[in-house]
Structures are given as C-alpha cells and as structure tokens.
Amino acid sequence: MALPFTVTESMPNLQQIRAEANKVINLLDQGINPNEAKAKANTPDLSLRIALNNYLDGSTNTERVNTNWRRAIETHLANWLDKPLKELCTPQRIFAQHRLIMREIANSNQSQGLKGDGGIGANEVLKKLRRILNFNRALDRSLNLPQWPAEELGGSGLKMWVDQKPRTSRIHREEFGIFWPALESLSCPVQRDLFKFMLLIGCRSGEARNLEASDVNFHRWTITFKNTKNGLDHTLPLTETLKTIILERISRGDGQKLFPLFDPKVITKHIEKACGLHVSPHDLRRTFSGIAEIAGIGSTTKKHLLNHLSGRDVTDDYTGSIDIEDLRIALTKIENKIMEFVNLQK
C-alpha cells in the first residue's frame with residue numbers, strides 16, 4: 001500500500017529530531033517546562049477588568065464589599081481597565097498611578113471642603129490591585145503574571161505607600177461627663193438612640209442601621225446582625241438598657257428599620273457643636289473595646305462581642321462556644337463601667 005505522504009517531505013529526519021530535542025533539553029536546563037512555555041505563548045493577555053471580575057467572582061466578600069471594590073477600581077483605575085494586567089504592575093507605573101490617585105482624591109476633598117491629602121485613599125486602591133494580581137496569579141500560573149513590586153521601588157528608595165497610622169480616637173473616661181449630656185440633648189431621638197446603642201453593644205454603624213424589628217428575638221432577648229463585615233450573622237444578647245432602646249425604636253418607628261438614618265456622621269457634627277468632642281461612629285466601637293478591657297472582659301469574650309475573626313485560635317478550641325447569658329453578663333459589666341464614668345463627672 002502506498003503511503004499518503006512521502007517520507008522525505010512529511011516526516012522529520014534524524015537531524016531535525018535531534019535539533020528539537022536539544023531545544024527541549026536547553027529549556028529544561030533553564031528550569032523551564034516547555035509545555036508551560038508553549039501555553040503561556042498562546043495565552044491572551046489578561047486585562048484588569050477581567051482580573052477584577054475573576055477576583056469578585058471567587059472571593060468570599062459580602063455583596064456590599066464587592067460593590068465597594070468595583071467602585072474603587074473602576075473609579076480610580078478607569079484608564080487601566082482594558083490594559084493587560086502584567087504590563088500595569090511594574091514599580092514605575094504603580095508609583096506614578098499612586099501619586100495620580102492621591103492628587104485626584106486631594107482635589108476632590110478640597111472642592112468639598114474636606115481635609116485629607118488622598119494618601120490613605122490611594123493606598124487602599126492599590127492594595128486592592130495587589131490583591132487582584134495575587135489572586136489571579138494563584139488562579140492560573142500560565143498567565144505569567146509578575147509578582148507585586150516591593151514597597152521600596154528598586155534602588156531609587158521611593159516609597160510606594162504613604163505612611164498610614166492606625167486610628168485610635170475614642171471617648172476617654174474624663175470626657176464622658178460632657179459627651180453623655182450632649183448625646184441626651186440631641187433633638188432627634190433616632191440619632192440619640194443609634195449612638196447609645198452602638199456604644200453599649202460595640203457594633204459597626206452599617207450593622208446597626210440595617211437592623212429591623214424582625215432581627216429581635218423577644219423570647220431570648222437577643223438581636224441578630226445580618227450581612228456583617230465577615231459575611232456571617234452575629235447574635236448578641238440585649239441588656240436592660242438595650243431592651244429599652246429597641247422597644248422605644250419599635251414603638252416609634254414608621255418602617256422596618258430600627259434606626260432609619262442614611263448618614264450617621266451628621267450626629268458627629270451635632271455632638272461636636274454641643275460639647276466640642278469629635279466622636280465618629282467607629283470611635284464608639286473603639287471606646288467599647290477599650291472599656292471592655294477595663295471591665296476585665298477576657299479576650300475570647302471580647303473578640304466574640306466585636307465579631308472579630310482572626311483565624312483559627314487553639315485557645316478558642318479549648319474554651320468552646322460562649323453562652324449567650326455569659327455574653328449578657330459581659331455587656332452589662334461594660335455598660336456599668338460606662339455609666340460609672342458618666343456619673344463620675346457629675
């Protein structure tokens with residue numbers, strides 16, 4: 001039977017086979033897998049837009065967090081969205097984009113009469129970019145994505161990030177004597193009750209403002225925060241004072257929300273005008289945490305009250321789950337300590 005091709009034209013000769021084999025051997029000597037190299041050569045460039053979608057689709061973030069991520073990237077890196085990710089993450093481009101975002105945020109703040117040079121905002125945007133890059137590198141090594149540049153940009157000594165100190169502002173014990181009367185004097189009862197509630201239970205502002213009457217268990221006197229920052233529902237007991245606040249909100253409420261306020265920062269302005277103290281919603285949470293320490297609340301109980309997840313803790317395995325009544329006792333101790341500071345100044 002005749003072959004459908006001639007041996008000399010369609011089949012490689014021994015010399016060609018040896019040449020191809022030598023190429024493969026050279027690649028292996030360099031630590032390169034020839035199959036992976038071929039796949040990389042045929043892989044289309046991954047754009048930032050697709051990389052962002054990959055991250056958001058694969059992350060365990062809540063929907064609210066994902067929305068904030070998309071808004072940050074699409075707002076501050078709009079000119080990068082359709083460019084190859086591997087070309088964007090070079091030290092020079094990262095540094096230049098960081099400073100550009102800084103200027104944009106600073107100008108926006110100035111036009112709104114706000115403070116801030118934009119450095120922290122720029123840090124946060126590019127930390128998100130770093131997470132996106134690392135996620136996609138782990139997702140598909142064949143994409144040949146670069147590692148994130150070091151914080152020190154080569155030998156230039158330029159710092160990529162602006163120094164960002166952790167916020168530590170809170171209400172100090174000697175300030176409760178003027179803070180509490182200012183809070184009581186608020187003309188809007190929803191504003192007053194919201195700040196009291198957050199201070200006495202230690203929750204985040206958004207978690208409190210999302211609460212509905214249906215989140216209250218009137219049999220056990222507990223309240224459940226849904227869609228929290230870590231994505232888990234979080235149930236806490238109510239002290240007598242917290243019960244009073246919740247019942248007041250339910251009796252006076254016109255809708256489902258217990259604290260129907262869009263922007264709690266306006267309360268900060270009212271309190272500052274009344275007593276001179278600048279107390280943000282998150283300052284209340286830091287104050288709660290600090291007073292829990294003073295009241296002698298153990299670290300495991302305190303972590304549970306604040307709904308902090310810091311990874312698997314062997315100590316927690318020994319401690320086991322904390323009974324809801326033990327948490328109620330802890331919250332009562334914290335509340336008593338706060339009222340002790342309030343009454344000391346009278």
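Select N217 and T222: N217 stands opposite T222 in β2. This is a predicted model, in which local features need pLDDT of at least 70, side-chain atom pairs count only at pLDDT 80 or more, and totals for chains, interfaces and linings use all residues. Residues are numbered from 1 along each chain as its sequence is written, and side-chain values use heavy atoms, with hydrogens and water left out.

Now show strand β1 (residues 216-217) with β2; they pair in the antiparallel sense over two bridges. Strands (E, at least two residues) and helices (H or I, at least four) are DSSP runs numbered from the N terminus, and two strands pair if DSSP finds at least two bridges between them. Four residues separate β1 and β2 in a hairpin, and W221 in the turn has a positive phi of about 55°.

Next, select β2 (residues 222-225). T222 and T224 on one side and I223 and F225 on the other are all buried, meaning under 20% relative accessible area, with exposed over 50% and partly exposed in between (1.4 Å probe, protein chains only).

Leaving aside neighbours within four places in sequence, K243 is in contact with W221 and L238; contact means heavy atoms within 4.5 Å.

Finally, select R49 and D82, a salt bridge with the closest N and O atoms 2.9 Å apart. The term means a side-chain nitrogen of Lys or Arg within 4 Å of a carboxyl oxygen of Asp or Glu. R49 lies in helix α4 and D82 in the loop between α5 and α6, so the pair ties together parts 33 residues apart in sequence.
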